[in-house]
Amino acid sequence: MKDEDFLKGYLLYFVPVNLSKIYSILKEFFRHPLISNKKDLKIIDIGCGPSPAVLPVFKLFEEGIISSDYIRYAGVELEEKAISFGKEIIEKFKPDNLSVKYEFLKTDASDLKTYVELKELKPDIMIFSNSLGEIFDKKGITQEDFVKFIKYFTYRNENFSLIIIEPATKRSSMRLHKLRDYLINELKLYPYSPCLNNLPCSALQADNWCYEERKWIAPEYLSFLSSVGLQINYLKFSYVILRKDGLNIGDTFSEREVIIKNTSHLLNEKGKSRLWGCWNGKLVDIERLKRDYTEDDQWLKIKKGCYFSVDSYVEISEKKVRLPKNSKIKILYCPELISL
């Protein structure tokens, strides 16, 4: 952040990218009425940088998605310039009709004292965005240490939610989901999304990794990146939301029996198409024969990251199923196009 050219590049590219990822995840999070109707909202943002996570909350408030009338925000950041910009951007964008109290702690995100100081806040949401590399790799913090950090905030705080966002690389994603499994086991947290259950991560069991790819309208000034071969139309990231009280995105769907999270693109093959779905704690290969396609087939509209339901299927093997022609497919929720 002390390098002016680096800072300008970060502000122009990574700030809108990071805020758009957080917005997309929070919009999914606030689908649940028991979450969106909370009047006062307390947020701790670890390693916030110049992208304070409270900004997407402002937009969700203006869109009428959340009904909070008071926001308390605490950003943890070691870089002075990042804090300065964070304050400036909050002042510029906070809604006039929303009561906002914010503060920044200039401190190390891996210092246990930081978490002791913040625990009295009893946050509803604690966000780690692209922070695990700094905490685990550079500071040598272990999973056991991390659990101690988080445990402070779960005590007598039934509304607590932990949101962790990481890059969509295999290494980062697999580390995130190993941490997910560990937090579930040690602190009895329950996934809100993208997981539909608290079983061990099915992608890890298959030596694979789970990540999101969400359509994004990038700022016009970033269009030049396409000419040098960079893909700017999608946001790619891995994330997990863990709750203390067991609320889950599945609660927001009317269907209850077979709900599947699509973790891949639809793969077109000779005579059929298929995708990989997270289904009852397993990564399942799901296919549909082209001869069984129906008019306006919902199967062909399922995108990566969508949740969908089926009312019938044929089990081919333990981890492979086929959806017959008479199978009713319903798309329950797909992340929308993101534009900030």
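Trainee: At what angle do helix 1 and helix 3 pack?

Mentor: About 50°, with their axes 8 Å apart. Helix 1 covers residues 4–29 and helix 3 covers residues 54–62. Keep in mind that this is a predicted model.

Trainee: Which residues make the contact?

Mentor: From helix 1, Leu19, Ile22, Tyr23, Leu26 and Lys27. From helix 3, Leu55, Pro56, Val57, Lys59 and Leu60.

Trainee: How do the residues of that contact divide?

Mentor: There are 8 nonpolar and 2 charged residues in the contact of helix 1 with helix 3, and no polar ones.

Trainee: Switching to Ser51. Where is its place?

Mentor: In the loop between strand 1, residues 40–46, and helix 3.

Trainee: Is Ser51 buried or exposed?

Mentor: Buried. Its relative accessibility is 4%, and the cut-off for buried is under 20%.

Trainee: What does Ser51 touch?

Mentor: Leaving out residues up to four places away in sequence, Ser51 touches Tyr10, Phe14, Val15, Asn18, Leu19 and Asp45. Leu19 also belongs to the helix 1 side of the contact with helix 3.

Trainee: Now helix 8. How many of its residues are buried?

Mentor: 13 of the 18, so helix 8 is largely enclosed by the rest of the structure.

Trainee: What span should helix 8 have, and how far apart are its ends?

Mentor: Helix 8 runs over residues 170–187 and should span 26 Å at 1.5 Å a residue. Its end C-alpha atoms are 25 Å apart, which agrees.

Trainee: What comes just after helix 8?

Mentor: Lys188, with a positive phi of about 60°.

Trainee: And how do helix 7 and helix 8 pack?

Mentor: At an angle of about 55°, with axes 11 Å apart. Helix 7 is residues 143–154. The two helices are therefore oblique to each other, and helix 7 passes helix 8 in a right-handed crossing.

Trainee: Which residues meet there, in helix 7 and helix 8?

Mentor: Helix 7 brings Gln143, Glu144, Phe146, Val147, Ile150, Lys151 and Thr154. Helix 8 brings Lys178, Leu179, Tyr182, Leu183, Glu186 and Leu187.

Trainee: How do the residues of that contact divide?

Mentor: Into 7 nonpolar, 2 polar and 4 charged for helix 7 with helix 8.

Methods
Residues numbered from 1 in each chain as written. Predicted model: local features only at pLDDT ≥ 70, side-chain atom pairs only at ≥ 80, totals over all residues. Heavy atoms only, no water. Helix = DSSP H or I, 4+ residues; strand = E, 2+ residues; numbered from the N terminus. Expected span 1.5 Å × (residues − 1). Buried < 20%, exposed > 50% of the residue type's maximum accessible area, 1.4 Å probe, protein only. Axes fitted to C-alpha atoms, helices over the stretch in contact; angles between N-to-C directions. Contact = heavy atoms within 4.5 Å. Nonpolar A, V, L, I, M, F, W, Y, C, P; charged D, E, K, R; others polar. Parallel < 35°, antiparallel > 145°, perpendicular 65-115°, else oblique. Left-handed = near helix turned anticlockwise from the far one by under 90°.
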